Amino acid sequence: MATQEPDDKLISTEVSADETVRNERPDETVLAAKDLDVYYGEDRAIDDVSIEIPENKVTALIGPSGCGKSTFLRCINRMNDQIDVCRVDGDVVFKGKNVYDGDVDPVALRRKIGMVFQKPNPFPKSIRENVTYGLEVQGKPATEGDVERALRGAALYEEVHDKLDTSGLDLSGGQQQRLCIARAIAPDPEVILMDEPTSALDPVAASKIEDLIDTLVEEYTVIIVTHNMQQAARISDKTAVFLTGGELVEFDDTATIFENPADSRVEDYITGKFG
Amino acid sequence: MSTPPMDELFGDIDLEWEHRKNRAFRSLCFLSSILGLAALALLIADVLWEAYRGVSEYDIGIIHFITSTGSVNPDRAGMYGALVGSVLLIVLASIMTFFIGVGAAIYLEEYAPDTRLVRLIDANLANLAGVPSVVYGLVCFGLLINGPLDLGRIILVGAIALALVVLPIIIVSAMEALRAVPDSVRNGSYAIGATRWQTIRRVVLPAAMPGIMTGTILAIANAWGQTAPLLMVGAIASARHVPTGPFDDITALTVTIFDWAFRFQDQFHVLAAMGIVGLLVVLLGMNMVAIYIRSRYEKELS
């Protein structure tokens, strides 16, 4: 589809038919941050961020390196708890519950909010064991059907169905990343966080993941950090732009952000004037 | 176009001195490696020759040597009792150290907060691994035989002495194996809603196990060759004694070899050489198992 871009479009936001249907759905907030600050020791990584993320949509977090977009993502499933010097102020509300309340067990939270990392990190186990891991730690026996469903959901089943017992590490980088997606969706979470999931992959493997995200969002809410603006424009419904200092500068429909941003700094960033 | 002469292009670069230094250093390194190997080869050749004399000159049957117990008469002396003692010592020491050692390593690597005390313990484990083994023997003698407890000169005390010798080695090597498991894999497990223990048991330990096993086997091979701590806790040599359990009198192969080597009859010296060959065969076997485990699982990580 090589159509001539109108001059006022900064980046093409050509949408698929699915996405158009999706855009007509009303936004139901599933996750929200309220006045969120995050510090690493003395350094502020997130500066007073408030955002409402809609259910069953793809929300992209973009911004220059070090702008706090990954830190924000890791606040949502409390992976920042692993870092000793990290301190979080403010609320992250998941379905009405602040995940930083004292009675929230981060382990339970992460069973509802899955995550895919920048570098594919399958376990040094068989493909099958990688997929069933999430169910097994919850004490739920995984059936062949669960394995197939998760692998099909990650568009990997056709490629690996005859070698489920070989090591996940023998797969190619792109396949490993889809295995990690299968692993994340097998326990059927509600939200999937993706931290630059295609930046370590070649363009073909990356485009497979992008297509996959388009189908995942039918069942899950996807929040994706990316430094690739074209990718954000292609796959997301909503885009949040973070700028240096951990400030959320603008959050709106993706089309609005890329075609008609309200903040001049966002326009400068998108057109490559800085960042 | 003709090729310009070498001098025209590179004439201003003089590398002769650099190349000479390179050759000199290469020869030096080659010599060092050969010297080490040669010394080892000489030692093994000497022991093998002595042992061969035992079989040919004194007509000592290998089976007879392995199955008969020690005696003052060199014709009837064998390593059976000493071998049983050594095996008992090693098995007991392994049981005592493996779980404690791996447990300590897991705590220090996976659970312990990064405090000054933990860092102090961390740093001193390597020092403990370097303490001469005779010191551990003395400690056991002072505490368990000639001190608050008097357990006597039994296998168990020897095993405790050996356990003290190898414990820091096992902890340090297990910690290294755990550290080699990439954090990305741990995070993958936490991010899917696994607890810390689930992550350790299902992901980290299986991934680190080949490294832990290799380190443990090498540490136990080290214990197998220990003599000094066993002498300190009163191991008896070449008695007609075959130990039957942890509370029996202590005897060991290394101590028996030590004793034979200082007898005046030549036949005992030959017996010592045969004992050393037996000792080396077991050591070599353990090292080969360790190398096999390492090479078999090496590529599976990262």
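1. Let's start with the annotation. An unreviewed UniProt entry puts the feature "domain: ABC transporter" at residues 31–270 of chain A. Keep in mind that what you're looking at is a predicted model.

2. What does that span look like? Residues 31–270 of chain A are 36% helix and 27% strand.

3. Now for chain A as a whole. Count its elements and you get 11 helices and 10 strands. The radius of gyration of chain A is 19 Å, and the globule rule gives 19 Å for 275 residues, so chain A is as compact as a globular protein of that length. Along the principal axes, its C-alpha atoms fill a box of roughly 55 × 50 × 30 Å.

4. How much of chain A is buried? Of its 275 residues, 46% are. Have a look at the contacts inside chain A too: among those with a separation of 6 or more, 68% are between residues 24 or more positions apart.

5. On to the two chains together. Where they touch, 16 residues of chain B are in contact with 23 residues of chain A. Which elements of chain B give two or more residues to this side? They are α8 (183–191) and α9 (196–224) of chain B. The most comes from α8(B), which gives 6 residues.

6. Last, the make-up of that side of chain B. Sorted by class, the side touching chain A has 8 nonpolar residues, 6 polar ones and 2 charged ones.

Technical notes. Residues are numbered from 1 along each chain as its sequence is written. Chains are lettered from A and ligands numbered from 1 in the order in which they are written. This is a predicted model: local features need pLDDT of at least 70, side-chain atom pairs count only at pLDDT 80 or more; totals for chains, interfaces and linings use all residues. UniProt positions are given in the numbering used here, feature names are shortened, and annotations may be inferred rather than shown by experiment. Helices (H or I, at least four residues) and strands (E, at least two) are DSSP runs, numbered from the N terminus. Two residues are in contact if their C-beta atoms, placed from the backbone, lie within 7 Å. Ala, Val, Leu, Ile, Met, Phe, Trp, Tyr, Cys and Pro count as nonpolar, Asp, Glu, Lys and Arg as charged, and the others, Gly among them, as polar. The radius of gyration is taken over C-alpha atoms; the globule rule is 2.2 Å times the number of residues to the power 0.38. A residue is buried if 20 or more other C-beta atoms lie within 10 Å of its own, exposed if 12 or fewer, and partly exposed in between; C-beta atoms are placed from the backbone.
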